[in-house]
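Please keep the sequence and the model in view while reading.

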Amino acid sequence: MKIAYARVSSQEQNLARQIARLKAVPVDRIFTEKQSGKNFSERNKLQNLLISLKKRDIVYVTSLDRLGRNANDLTKLIQLIREKGATFQSLDLPDFSAIPDPNLRNMLNDILLTVFKFQAQSERERIHERQRQGIEIAKAKGIYKGRPVLYSALTNNVHRRSIYLAIKKDLKQGGSAIQLAKKYGVSHSTVYRIKHEMHL
């Protein structure tokens, strides 16, 4: 089977573009997820995909960063896919499936993935460094206000405000931060911040 995985980082983002590209392959089944790529063990749909894999299945993503955010995670996930006897294909990389020799095909895939994983991680590190430098400059000028709080009673976003109020209600009823983060598709730190605000 051709199985696909599509992911965005938050509930507000749209999966339509990824799904359209994957359907054009075409694939037999698509696992979709609205969850941060920070920790792949917490992505339930990805775990379900890995469990369902069978020998000779092909796993498709539109780009490497949809599968994982850093080189270590990507390496582990691709290894888990291969251990099931399946193969991996990202639509932003060349496709070597037409090469008849499986050893040569795997070697070329490994070389290409290594280069792209390094490139993706280096770009993320450059972005973080530019952000850090920007914050330092803003602080020096006295204009840094910090990261805006996305989920609060004062946000103009109605959906995020409703999630904030729902989390507060569930926390009052004894809900755990980990469960609520999964339930509402937010980070653990968001739930802990709200919990701290409530002095729980």
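## Basis of the description

The model is predicted: local features need pLDDT of at least 70 and side-chain atom pairs count only at pLDDT 80 or more, while totals for chains, interfaces and linings use all residues. Residues are numbered from 1 along each chain as its sequence is written, and side-chain values use heavy atoms, with hydrogens and water left out.

Helices (H or I, at least four residues) and strands (E, at least two) are DSSP runs, numbered from the N terminus.

## The sheet

Four strands form an open sheet in the order E2-E1-E3-E4, and their pairing is parallel. Two strands are said to pair if DSSP finds at least two bridges between them. Strand E2 (29-34) and strand E4 (87-90) are the edge strands, each pairing on one side only. From one strand to the next, the twist averages 20 degrees. In general, the strands of a sheet pair through backbone hydrogen bonds, either parallel or antiparallel.

Strand E3 (residues 58-61) is joined to E4 by four bridges, and E1 pairs with E3 over three bridges. Helix H1 (residues 16-23) lies across strand E1 (2-8), E2 and E3, and runs at about 165 degrees to E1. For such angles, axes are lines fitted to C-alpha atoms, for helices over the stretch in contact (heavy atoms within 4.5 Å), and the angles run from 0 to 180 degrees between N-to-C directions.

## Two nonpolar cores

A nonpolar core is a set of buried Ala, Val, Leu, Ile, Met, Phe, Trp, Tyr and Cys residues joined through side-chain atoms within 4.5 Å. Buried means under 20% relative accessible area, exposed means over 50%, and partly exposed lies in between (1.4 Å probe, protein chains only). Which residues of the largest core touch the most other members? Of its 23 residues, they are Leu49, Leu53, Leu67 and Phe88. The elements giving two or more residues to this core are E1, helix H2 (44-52), E3, helix H3 (64-67), helix H4 (71-83) and helix H5 (102-141). H4 gives the most, with four residues.

Leucine 53 touches Ile3, Val59, Ile81, Lys84 and Ala86, when residues up to four places away in sequence are not counted. A second, separate core has 13 residues, including Tyr151, Ile167, Ala181 and Ile194.

## Helix H8

Thr190, Val191 and Ile194 are the buried residues of helix H8 (residues 188-197). Seen down the helix axis, these buried residues fall within an arc of 95 degrees, so they line one face of H8; the arc is that of the directions from the helix axis to the C-beta atoms. On the other side of H8, Ser189 and His196 are exposed. The buried residues of H8 are covered by elements including helix H6 (158-172) and helix H7 (177-184). Just after H8, histidine 199 takes a positive phi of about 60 degrees.

## Salt bridges

A salt bridge is a side-chain nitrogen of Lys or Arg within 4 Å of a carboxyl oxygen of Asp or Glu. How many does this rule give? The count comes to five salt bridges. One of them joins aspartate 170 to lysine 183, with the closest N and O atoms 2.9 Å apart. This pair links distant parts of the chain, since aspartate 170 is in helix H6 and lysine 183 in helix H7, 13 residues apart. Aspartate 170 is buried, at 13% relative accessibility, whereas lysine 183 is exposed, at 54%.

Arginine 193 is partly exposed at 24%, as is glutamate 197 at 37%. Another salt bridge brings together arginine 66 and aspartate 65, at 3.2 Å from N to O. Arginine 66 is buried at 15%, while aspartate 65 is partly exposed at 32%.
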